[in-house]
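The paragraphs below begin with one part and then widen the view.

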Protein chains: 2
Amino acid sequence: MELLEEGGETALSLRAVARRAGVSAAAPYRHYADREALVSAVAAVGYRELGERLAAAHRAPSTPEQLASAAVAYVQFALERPALFRLMFGEPCDRDNDERAAATAAVALYVRGIVERVFPDADAEPLATAIWALVHGLAFLHLDGKLDAPSPTAVAERVTGATRALLTATNLGPGTEARKP
Amino acid sequence: MELLEEGGETALSLRAVARRAGVSAAAPYRHYADREALVSAVAAVGYRELGERLAAAHRAPSTPEQLASAAVAYVQFALERPALFRLMFGEPCDRDNDERAAATAAVALYVRGIVERVFPDADAEPLATAIWALVHGLAFLHLDGKLDAPSPTAVAERVTGATRALLTATNLGPGTEARKP
DNA sequence: CGAAGAATGTTTACGGTGCTTACATTACGG
DNA sequence: CCGTAATGTAAGCACCGTAAACATTCTTCG
């Protein structure tokens, strides 16, 4: 994790971790089958830390505003640890890694729970998809400089603005036809 | 581009393009300063092709349904050329590359135009941000297998469903208060 | 306790890669 | 027609992933 945040994904080499650990170049292979296994392991702890970060923003959001605060936490995580975030999402993932799969499922469940509480009468699945996609996309567009991020507070305002624009003004409250036909 | 789609980002090495071009290993350095420059150049043509793909879906969408078709085109582009898409967005981009900057600006303008036509009375900027983020996020979540994509039509249905859920059911038509306070 | 076996680390080696330098060739325009 | 710029070549360095053979420690169990 240190190497990743110091020098980006390129710096995360098996030889580098061996050096950092003060150990021979081949030693890491006793712990990780190959580089991809190492990367997957780092990504898995990234997912866990993202989960903690979201829970810290709000354990179980149940209003649009609380949802927005979780969205801000998501994007800030991406901006504070860009290399890790890119490692987690910007790379072909091996679905064989159970640790990794479980960790991403946890994030998915968190979002799903939010949607069920905030919009109890909506069809949760597509809406959860849409909301995760929205927040995820905001994170990536900021990361790529497609949206300039002068300060954390400016980013937070844009994220809350965007989510509010799509959600607060939405007909998804009780008694609407947001379900699939 | 051939190498990228054959073997992913890893296969796009300067030595490999030299071999493919039937030329010595150092020759590419006459055309690209380093590997990152090559990658940026490939990404730039990727942006252009994405733009063409969107224009092919609908040159100037002005209804939510036309917007949805553009969204489907965006996601399908990502799924058909995953390595290219990841190259374009999943990597730290150098803002120095003008070609690249211009190409992404074109995509941004396209989205902006859609929003201004479909929601003439809304504040275009945050809404365009939100919609791009939504579609972009959908593309990435599909790419990472966070949403399984059994068939192109299934993906298309999910994308239209998600966009419709957030847009068609939205109060953003004429005469609403979607602007920033 | 002490030995068998697992876990961990080391050394050495191979081929691939990015990149640099010095040198050769080609193309083309004044 | 020749010189300059563009392009290509050859050789070399340091790094990387990966593998195999060997050495050392740590655990565990009879």
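The buried residues of helix 8 of chain A are A:Val155, A:Arg158, A:Val159, A:Ala162, A:Thr163, A:Arg164, A:Ala165, A:Leu166 and A:Leu167, where a residue is called buried if 20 or more other C-beta atoms lie within 10 Å of its own, exposed if 12 or fewer do, and partly exposed in between, with C-beta atoms placed from the backbone. This is a predicted model, in which local features need pLDDT of at least 70 and side-chain atom pairs count only at pLDDT 80 or more, while totals for chains, interfaces and linings use all residues. Residues are numbered from 1 along each chain as its sequence is written, and chains are lettered from A and ligands numbered from 1 in the order in which they are written. Helices are DSSP runs of H or I with at least four residues, strands are runs of E with at least two, and both are numbered from the N terminus.

Helix 8 of chain A covers residues 152-167, and its 16 residues reach 22 Å from the first C-alpha to the last, close to the 22 Å expected; the expected span is 1.5 Å times one less than the number of residues. Its buried residues pack against helix 4 (64-80) and helix 7 (124-143) of chain A, together with helix 7 (124-143) and helix 8 (152-167) of chain B.

Two packed helices are described by the angle between their axes and the distance between the axes. For helix 7 and helix 8 of chain A, the angle is about 145° and the axes are 11 Å apart, with axes being lines fitted to C-alpha atoms over the stretch in contact and angles running from 0 to 180 degrees between N-to-C directions. In this pair, A:Leu134, A:Leu138 and A:His142 of helix 7 meet A:Val155, A:Val159, A:Ala162, A:Thr163 and A:Leu166 of helix 8, and two residues are in contact if their C-beta atoms, placed from the backbone, lie within 7 Å. By class, this contact of helix 7 with helix 8 of chain A has 6 nonpolar, 2 polar and no charged residues, where Ala, Val, Leu, Ile, Met, Phe, Trp, Tyr, Cys and Pro count as nonpolar, Asp, Glu, Lys and Arg as charged, and the others, Gly among them, as polar.

Taken as a whole, chain A has 8 helices and 0 strands, and its C-alpha atoms fill a box of roughly 65 × 35 × 25 Å along the principal axes. Of the 181 residues in chain A, 41% are buried.

In chain B, B:Leu12 sits in the loop between helix 1 (2-7) and helix 2, and B:Leu12 counts as buried because 22 other C-beta atoms lie within 10 Å. Leaving aside neighbours within four places in sequence, B:Leu12 is in contact with B:Leu3, B:Leu4 and B:Val39. B:Gln76, in helix 4 (residues 64-80) of chain B, is partly exposed because it has 19 C-beta neighbours inside 10 Å.

Which residues come nearest to DNA strand C? Of the 15 residues around DNA strand C, these are A:Ser24, A:Ala26, B:Ser13, B:Asp34 and B:Arg35, a residue being near a strand if its C-beta atom, placed from the backbone, lies within 6 Å of it. The largest share of this surface, 3 residues, comes from helix 2 (residues 14-20) of chain B. Around DNA strand D there are 14 residues, the closest being A:Ser13, A:Ala26, A:Asp34, B:Ser24 and B:Ala26, and the largest share of the surface near DNA strand D, 3 residues, comes from helix 2 (residues 14-20) of chain A.
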